[in-house]
Amino acid sequence: MKSHFGGKAWVFGDNVDTDQIIPAEYLVTMNSAELAKHAFVKVMPEFPVNVKEGDVIVAGRNFGCGSSREHAPRALMGAGVSCVIAESFARIFFRNAINIGLPVIEATLEVDQGDDIEVDVSKGVVRNDSSGKETTFASYPPFVMMLMEKGGLVPYTKERLGCTRSE
Amino acid sequence: MAKTMAEKILSAKARKDVRAGEIVEAEVDYVMVNDITAPAAFDEFEGFCTPPLEKKMVLIPDHYVPNKDVASAIQAKKMRDFASKYKIRNYFEIGSGGVCHQLMIEKGFVAPGRLIVGADSHTCSYGAMGAFATGIGSTEAATVFARGVLWFKVPESMKFEVNGQLGRHVSGKDIILTIIGDIGVEGALYQSMEVVGDTISALPVSERVTISNMGIEAGAKACIIPPDAKVDDYLKGRVRDTYEKVYADKDAEYSDIRKYDAKDIVPVVAKPFLPSNVAPASEVGVTIDQAYLGSCTNGRIEDLRVAAAILKGKKVHEGVRMIVVPASKDVFDKAMEEGLFKIFSDAGAFISGPTCGACLGGYMGVLAPGERCVSTTNRNFIGRMGHMESEVYLAGPAVVAASAVAGRIVDPSEVTG
C-alpha cells in the first residue's frame, strides 16, 4: 500500500449513498474502468469527465450508505481516486473499500472544491496545500492496518489458504 | 461478563469470549450472493486455490431476473454456470425462487443464533429470526466461499423497546420508519440494534422481518429481535439443521436504550430523499403517479393481504399505476390461491412475478422525471427508482394501497372509513 498520495479534492455533503456513487442501472459489469465512466453521473455529471488520477473524495457524514454494491468503491478506484476522506462512513462501504485496498480515512476537513490535498497515512496527516491547513486522523485498528498493508482481503486470504500461484 | 445478542452470537462463532470493539474472525453459517454481487465474488474466488464450501453457499438471482438486457443476462448466466461447475445445490432459478432475503427465510437457511452474511445490504433482515446477519461486499463473499470465516468488528448495541397496542393500520413498517425518523440514517452506524418489547412480541414474524430489514437504513450492522415461539412455529418443517435460541443477558451493556409507546406510532411515510424524513401519512397529501407493493421489505403474503383488504371492490385512481410484486414463488402461489390477484387485477393493478427490479430503479417500474411513487420498499434516495428528478415515498402496505385508491398519499382510514 502506498502511504503518501494526493490530488484535487472533489467535495460532497452528508449521506452520499452508493446509488449516487454508481446508479443501479450500471451494475451490469465489474470492470472498474467501465464503472468509472458512470461514477456520480446523476448527481455530479462532470465527475467522470474531469476526475484525474490521484484525486481525493472529501465528504461529510455517512459516506457510502445504502446498497452493499462493491461496484461503488471499485468505480472510484477505476476513476483513479486515491482515497476517500469523510467525517464518517457507512460500514459496508468502509469494509468494501478496505477489502479491495482503497484507503478510506475518517477526518473532518475544511476544504473547497478543487483544493490540492495530500495524505500521509503513515503519519496520519491530511494536508490541504491550497489553504495550508493540516488535519490529523486516527490510525486503523491493527487487523485493518494489516489488511491494508497486504493490499486487501484477497491477498490476505490467499496467504491464509497457502495459495502459491500468483494471478 | 453480561453480553448483548451480538456479543453472544459472535463469541459463539469466534469460539472465544469477545465483546464490543474487538475484531474477530468468526465462522459463518451461510453466505448468500445475488446476480448483482455474485459475478465479482466468483472472479475473486477463482483466484483462490481451494474448492468452495458448497454447503454454506446460497446463490439467488433476483435483482435483474428475468433478465432486463443482455448485460444482465450475462451476469445471471455466470451465476448459473458457477453453480453448475461447482455443483452448488442451493441455487434458486426463477420459477422456484424469488427475492433473496425472503427466500433465505422461507427455505430455512435462517434460524436463531446463526451468523449469516450476504452480499446485499438488506441481509440484516434475518435478525428478525434471532440471527446475527449483515450485509457484506462481493470480495468478502468470495473469501467466505473459500474459508468459511470472515472478520467482524463486534458492534456495540442499541436497545429499542416498543410496548403497548398498535392502532388500526399501523404495522412493523411504521415502527421501523418511526425509529429511523427518531435516530436518523446514521443513528445506529456500526451498531447492532436490538428491538424488543410486548408490541414486537405481538407482531407476526413477517412484520418483524420488515423491521430488521430496514435496520441498515439507520446504518446498523444488524437488527436483532429476540426469537420466540412464533419463530419456532415458522421454522417447523422448513429449517435446515438444528438451532439454539440466543438471548441478551439482563445486564448487558447498551450504548443507548430508547423506549416507544405503540399508541404514539401512526401510519407514516418517509419522504424524499432519506428514510429518516418521516411524517404522518395523513399530513403528506401529495399526488402520486405510481404505487408499488413488493420487495424484501414488504412483499410477503401478509403484506399483500393488508393491501388486498383495502383494494377489494375499489379501483386504483385514474392516473395512478399500481404494481404488485410478490417476493417469492411461495408468496405468489398463496396470493393466487387466496384470490388476492383477482382483487388486485379487478382494482386495475399490474401483477408480476418476483424480482427486485423496480425497487432499485433497474426495470419493471422505473420512474420518469417529475414522477412520484409511494412504495413499500426501503430506500428513497435521489434517483433510487429512476430519474434523479423522480421521488419515492416509503410506506407500509396499508398506506400504499389506500394512496393508490385516493391518487394521493393518505392515511389508510381516509379510504377504509
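Author: Domain bounds come from an automatic or database domain assignment. On that basis, chain B is divided into domain 1 (5–260) and domain 2 (268–416). The structure is a predicted model, in which local features need pLDDT of at least 70 and side-chain atom pairs count only at pLDDT 80 or more, while totals for chains, interfaces and linings use all residues. Residues are numbered from 1 along each chain as its sequence is written, with chains lettered from A and ligands numbered from 1 in the order in which they are written.

The average pLDDT of chain B (the predictor's confidence in each residue, from 0 to 100) is 97, and 100% of the residues score at least 70. For the model, ipTM is 0.92 and pTM is 0.96.

The centres of the two domains of chain B, taken over C-alpha atoms, are separated by 24 Å. Across the boundary, 34 residues of domain 1 of chain B are in contact with 32 residues of domain 2 of chain B (C-beta atoms, placed from the backbone, within 7 Å). On the domain 1 side, the elements that give two or more residues are H4, helix H6 (172–183) and helix H8 (205–213) of chain B (helices are DSSP runs of H or I, at least four residues, numbered from the N terminus). H6(B) gives the most to this side, with 6 residues. The residues of this side divide into 9 nonpolar, 17 polar and 8 charged (Ala, Val, Leu, Ile, Met, Phe, Trp, Tyr, Cys and Pro count as nonpolar, Asp, Glu, Lys and Arg as charged, and the others, Gly among them, as polar).

A residue is buried if 20 or more other C-beta atoms lie within 10 Å of its own, exposed if 12 or fewer, and partly exposed in between, with C-beta atoms placed from the backbone. The buried residues of H12(B) are Val331(B), Phe332(B) and Ala335(B). Because they cover an arc of only 100° around the axis, they lie on the same side of H12(B) (the arc is that of the directions from the helix axis to the C-beta atoms). The face of H12(B) turned away from this buried side carries the exposed residues Asp333(B) and Glu337(B). Gly339(B), with a positive phi near 80°, follows H12(B).

How values were computed: Two residues are in contact if their C-beta atoms, placed from the backbone, lie within 7 Å.
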